[in-house]
Amino acid sequence: MFFKSLEINGFKSFATKTKIDFQPGVTVIVGPNGCGKSNVFDSIRWALGEQNARHLRGTRMTDIIFAGSSSLKAQGVAQVSVTVDNEGRYLPIDFSEVNITRRLFADGQSEYFLNKTPCRLKDIADLFLDTGIGAQGYSVMEQGNVDAIINSKPAERRVLFEDAAGVSRYKTRRGEALRKLERADADFLRLTDLIAEVRRQTNSLKRQASKADRYKRMTHEARGVERRLLSVRYEKMRKRLQERTREHDDLQDRFA
C-alpha cells in the first residue's frame, strides 16, 4: 500500500490544480525555502482529517484556502484528493484504489468523500485504523516529529507503538463500546425517571378515575332517590286532588 497520487487545488500556495504522481519506492520533493514543500505534507495531513489549524501552521482552518496574490485572485474553496494503492487489500474496502477527498469552503463548511461518495470524517478514520496512515499516524510525520518522539515520555511513545502494533483499532472500538455503555446507562437512568414520573401520573389518574366512578355512582343513586321521592309526592298530590274533587262535588250537590 502506498500513495499513488496527490491532487491539490486552492490549498495554501497551490492556487491552481496541481497533481503529483508517486511511484513505488522513495519520492523526494526538493526546492528552496519557501517554495511550498511543507505545504505538500500539510495537504496530505489535512486530507486525512487533521482538525487543528495550528498543526497546519495556521490560526483558523480557513487560513489554508489560497488568499490571493498580485497576479492571482483568492479562491473560495480548498480541495485535496489523496489516492492510495490498495491492491493488497490492506484497507478493509473492496477497491484496488482508494480516493480520499476533503473540501473546505470559505464559510468554514467541510465535506469529505470516499471514492467520490460523500462520507463522514469518522468513516475515513476507521478505514485507516492500524495502518499508520492518518492525521496523527506514524507514517505521516512532519519536520521535528522524530526528535519529539525520541524526547517524549514513555506514555506518549506507547501510543505510537500501539498504533504500529495494530492495537489502536481495538482500543478505539473499546472506547466506542464504553461510550455506548455510558450512553446506555444515561438512557436507562432517564428511562427510570420517566417510568417513575409515568407511575406518579398513573396513580394520580387512578385516583381521579376512582373519584369519577364514585361520583357517577352516587349521582345515579341520587337521581334514583329523587325519582322515587317525586313519585311519592305525585301520589300524595293525586290523592289530595281526588279528595278535594269529591268535597267539591258534595258541596255542589248540597247547594244545588
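V84 stands opposite V98 in strand 4. The strands concerned, strand 3 (residues 77–85) and strand 4 (residues 97–105), pair in the antiparallel sense over nine bridges. Pairing here requires at least two DSSP bridges between two strands. Strands are DSSP runs of E with at least two residues, helices are runs of H or I with at least four, and both are numbered from the N terminus.

This is a predicted model, in which local features need pLDDT of at least 70, side-chain atom pairs count only at pLDDT 80 or more, and totals for chains, interfaces and linings use all residues. Residues are numbered from 1 along each chain as its sequence is written, and side-chain values use heavy atoms, leaving out hydrogens and water.

**Overall make-up**

- The protein has five helices and six strands.
- From the N terminus, the elements run β-β-α-β-β-β-β-α-α-α-α.
- Of the 256 residues, 27% count as buried (under 20% relative accessible area; exposed is over 50%, partly exposed in between; 1.4 Å probe, protein chains only).
- Among contacts (heavy atoms within 4.5 Å) between residues at least 6 apart in sequence, 52% join residues at least 24 apart.
- The protein exposes about 18,300 Å² (Shrake-Rupley method, 1.4 Å probe; for residues, only the protein chains shown count as cover). Carbon and sulfur atoms supply 54% of that area.

- Six strands form an open sheet in the order 2-1-3-4-5-6, with antiparallel pairing.
- Strand 2 (18–21) and strand 6 (117–119) stand at the edges; each has a single partner strand, so one side of each lacks a neighbour in the sheet.
- Neighbouring strands are turned by 20 degrees against each other on average, direction ignored. Axes are lines fitted to C-alpha atoms, for helices over the stretch in contact; angles run from 0 to 180 degrees between N-to-C directions.

**Helix 1 against the sheet**

- Helix 1 (residues 37–47) packs on the sheet and touches strand 1 (3–9), strand 2, strand 3 and strand 4.
- The direction of helix 1 makes about 80 degrees with that of strand 3.
- Nine of the eleven residues of helix 1 are buried, so the helix is largely enclosed by the rest of the structure.
- The buried residues are N39, V40, F41, D42, S43, I44, R45, W46 and A47.
- Their cover includes strand 1, strand 2, strand 3 and strand 4.
- Just after helix 1, G49 takes a positive phi of about 120 degrees.

- Strand 4 and strand 5 (residues 110–114) run antiparallel and are joined by five bridges.
- R103 has E111 in strand 5 as its bridge partner.
- Four residues lie between strand 4 and strand 5 in their hairpin, and G108 in the turn has a positive phi of about 95 degrees.
- Strand 5 and strand 6 also run antiparallel, joined by three bridges.
- F113 has P118 in strand 6 as its bridge partner.
- Two residues separate strand 5 and strand 6 in their hairpin, where N115 in the turn has a positive phi of about 50 degrees.

**Nonpolar surface patch**

- V26, V28 and V30 make a nonpolar surface patch of about 360 Å².
- Patch residues have over 30% relative accessible area and no salt bridge; like charges are joined within 9 Å, nonpolar side chains (Val, Leu, Ile, Met, Phe, Trp, Tyr) within 5 Å. A salt bridge puts a side-chain nitrogen of Lys or Arg within 4 Å of a carboxyl oxygen of Asp or Glu.
- V26 is found in the loop between strand 2 and helix 1. V26 is exposed, with a relative accessible area of 77%.
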